[in-house]
Amino acid sequence: MNRQIFKGIDINDAQVFETLEKQFNANRSEVLATVPWLVAELIEAVGFKTTMKFIDKSGGKKIHINKDRLDLARKLGFAITEELYDKIRYLACNEYLEIPSTWGVFEKIRSALVKSAVMDGKTREEIRSTYGVSSRFLTKIFNGKSDNFRKACTITKADTHNPMGMKPPLNYAKTSTQL
């Protein structure tokens with residue numbers, strides 16, 4: 001992969017964006033769990049490309065939410081369902097929808113892709129050259145200095161039934177009548 005795509009998101013470069021979209025599709029659940037709630041909801045509703053174009057255009061802005069779904073759709077630049085409108089109204093702060101910055105969203109996507117690459121057993125050099133992260137960043141991950149990141153990366157795909165590797169409590173086998 002060409003590391004140029006991780007020097008910033010260039011929505012207008014079709015080839016670069018196609019590569020980013022393929023990476024997103026291959027790691028969809030990890031990325032959706034990492035990006036801000038609004039971005040995840042929009043990706044699910046209108047797709048990755050439309051969402052990223054919107055974030056590129058409006059990132060960092062606040063949009064006032066009226067009591068009219070069509071007005072919000074006009075401000076967003078694409079149609080939204082009544083269900084999505086209700087979610088946005090419920091989760092938005094004080095009648096304003098804060099649009100995450102393009103760079104912040106980009107960093108979250110890259111972080112999710114790096115975690116996925118570590119979980120897949122990619123080498124440090126492969127990760128560095130693919131995702132444009134520094135050697136120092138990778139040293140912290142691989143030497144365990146970035147504990148939260150390292151813990152997140154040590155979960156294997158086989159551990160998804162118990163993703164945190166947690167042991168059950170001591171009284172786990174007891175029923176409520178035995179307590």
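Helices (H or I, at least four residues) and strands (E, at least two) are DSSP runs, numbered from the N terminus. On that basis the chain runs α-α-α-α-β-α-α-β-α-α-α-α from its N terminus, with 10 helices and two strands. This is a predicted model, in which local features need pLDDT of at least 70 and side-chain atom pairs count only at pLDDT 80 or more, while totals for chains, interfaces and linings use all residues. Residues are numbered from 1 along each chain as its sequence is written, and side-chain values use heavy atoms, with hydrogens and water left out.

**Surface and contacts**

- The chain exposes about 11,300 Å² (Shrake-Rupley method, 1.4 Å probe; for residues, only the protein chains shown count as cover).
- Among contacts (heavy atoms within 4.5 Å) with a separation of 6 or more, 59% join residues 24 or more positions apart.

**Nonpolar core**

- The largest nonpolar core has 40 residues (a set of buried Ala, Val, Leu, Ile, Met, Phe, Trp, Tyr and Cys residues joined through side-chain atoms within 4.5 Å).
- Helix H7 (residues 102-119) gives the largest share of this core, seven residues.
- Phe48, Phe54, Leu76, Ile80, Leu97, Ile109 and Ile127 have the most contacts inside the core.
- Leu97 touches Trp37, Leu38, Lys61, Lys62, Ile63, Ile65, Leu76, Ile88 and Ala92, not counting residues up to four places away in sequence.

**Packing of H1 on H4**

- Helix H1 (residues 14-26) packs on helix H4 (residues 48-58) at about 120°, with the axes 11 Å apart (lines fitted to C-alpha atoms, for helices over the stretch in contact; angles run from 0 to 180 degrees between N-to-C directions).
- That angle makes H1 oblique to H4 (under 35 degrees is roughly parallel, over 145 roughly antiparallel, 65 to 115 roughly perpendicular, and the rest oblique).
- The crossing of H1 and H4 is right-handed (the near helix is turned clockwise from the far one by less than a right angle; anticlockwise is left-handed).
- From H1, Phe17, Leu20, Glu21 and Phe24 meet Phe48, Lys49 and Met52 of H4.

**Glu98 in strand E2**

- Glu98 lies in strand E2 (residues 96-98).
- Glu98 counts as partly exposed because its relative accessibility is 48%.
- Glu98 touches Leu38, Lys61 and Lys62, not counting residues up to four places away in sequence.
- The C-alpha atoms of Glu98 and Ile63 are separated by 6.5 Å, though the two residues are 35 apart along the chain.

Note on methods. Buried means under 20% relative accessible area, exposed over 50%, partly exposed in between (1.4 Å probe, protein chains only).
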